[in-house]
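Here is a short report on one protein chain. Keep the sequence and the 3D view open as you read.

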Amino acid sequence: MPRAPVVARTLPSLRRTLESLRTRRATVALVPTMGALHDGHLALVHQAKRRASKVVVSIFVNPTQFAPHEDFGSYPRTWKADIAKLTQAQVDLVWNPDVGTMYPAGFATRILTEGPATAGLEDRFRPHFFGGVATVVGKLFTQCRPDVALFGQKDYQQLKVVTRMAADLDLGVKVIGVPIVRERDGLAMSSRNVYLSTAQRAVAPMLHRVMKEAAKRLRNGGNLETVMADGTKTIGDAGFALDYFEARHAETLAPIRSLKDGPVRLLVAAKIGTTRLIDNIGV
Ligand code: AMP
């Protein structure tokens, strides 16, 4: 049985443990998560182990990236199972601050992100989101001072926002994107999938199917407007309330008019019942 990771819950304890990990030539990878770990998170951990000699996973459900009507209170928290998975994956350190440690009384600073953070995708429906993400990730980077940090392509716009922020603020962290891990039927793994009823779970993989079909038609020369309109209709007909289904430039996230403006990424966000799912695919 591998050794359980050290768990740090205070900044002095985090610093002490990081110092002991940073022996000569050691490099540190950080995998930021909100817990409720699944194979998508573990793919980030495996990449982290390949990229650095020591791996830190943060587990922090960050209140500042949730709007008041969102699911901060009910977000799944599965501490014991998470630690078992991270032990198996041979993670060195778990950084698990409480909200008061991350945001002490009087906390009054927020990182304002533009560029990919104002592309009109997630930001249009969750206007508070990237401010909260950038602030907490900025803090996690300065707290842990990792050499590399791993983020999932599942949250594609977030990956671009964090990459931009790390470069813009000279944080000295190389941000690496990891491909989406899916269930066998194509549904992108997500901590929020546990909210789905059996009937909703059966419909949910439709999002990936529609994107795959759209990407294929586009690659085969299909007309962008027609393909996207067909996909939009199929998603609506399946019972989703669609936030967006869009073709964007894969790097800048700017809108595109044809495949020639690419590389192209299709991005989707839709609600099924009260659960909001996001996904994306390269064309
Ligand atoms: P979360 O705990 O949902 O905030 O996610 C933590 C990190 O795991 C983020 O970088 C996510 O993009 C990544 N992630 C979540 N789900 C997946 C997945 N299915 N495949 C790859 N990465 C994922």
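How far apart are the mean positions of the positive and negative charges of the protein chain? The 39 positive and 25 negative charges have mean positions 6 Å apart. Lys and Arg count as positive, Asp and Glu as negative, while His and the chain ends are not counted. Each charge is placed at NZ of Lys, CZ of Arg, CG of Asp or CD of Glu.

This is a predicted model, in which local features need pLDDT of at least 70, side-chain atom pairs need pLDDT 80 or more, and totals for chains, interfaces and linings use all residues. Residues are numbered from 1 along each chain as its sequence is written, and side-chain values use heavy atoms, without hydrogens and water.

**The whole chain**

The protein chain has 10 helices and 9 strands. These are DSSP runs numbered from the N terminus: helices are H or I with at least four residues, strands are E with at least two. The radius of gyration is close to what the globule rule gives for 283 residues, so the chain is as compact as a globular protein of that length. Radius of gyration is taken over C-alpha atoms, and the rule is 2.2 Å times the number of residues to the power 0.38.

| Property of the protein chain | Value |
|---|---|
| Radius of gyration | 19 Å |
| Box filled by C-alpha atoms, along the principal axes | roughly 55 × 40 × 40 Å |

Of the 283 residues, 54% count as buried. Buried means under 20% relative accessible area, exposed over 50%, and partly exposed in between (1.4 Å probe, protein chains only).

**The cores**

The largest nonpolar core has 31 residues. Such a core is a set of buried Ala, Val, Leu, Ile, Met, Phe, Trp, Tyr and Cys residues joined through side-chain atoms within 4.5 Å. Helix α6 (129-144) gives two or more residues to this core, as does strand β5 (148-152). α6 gives the most, with 9 residues. Val137 is among the residues with the most contacts inside the core. Leaving out residues up to four places away in sequence, Val137 touches Phe151, Val162 and Met165. Contact means heavy atoms within 4.5 Å.

Val7 sits in strand β1 (residues 6-8). Beyond its neighbours within four places in sequence, its contacts include Trp79 and Ile83.
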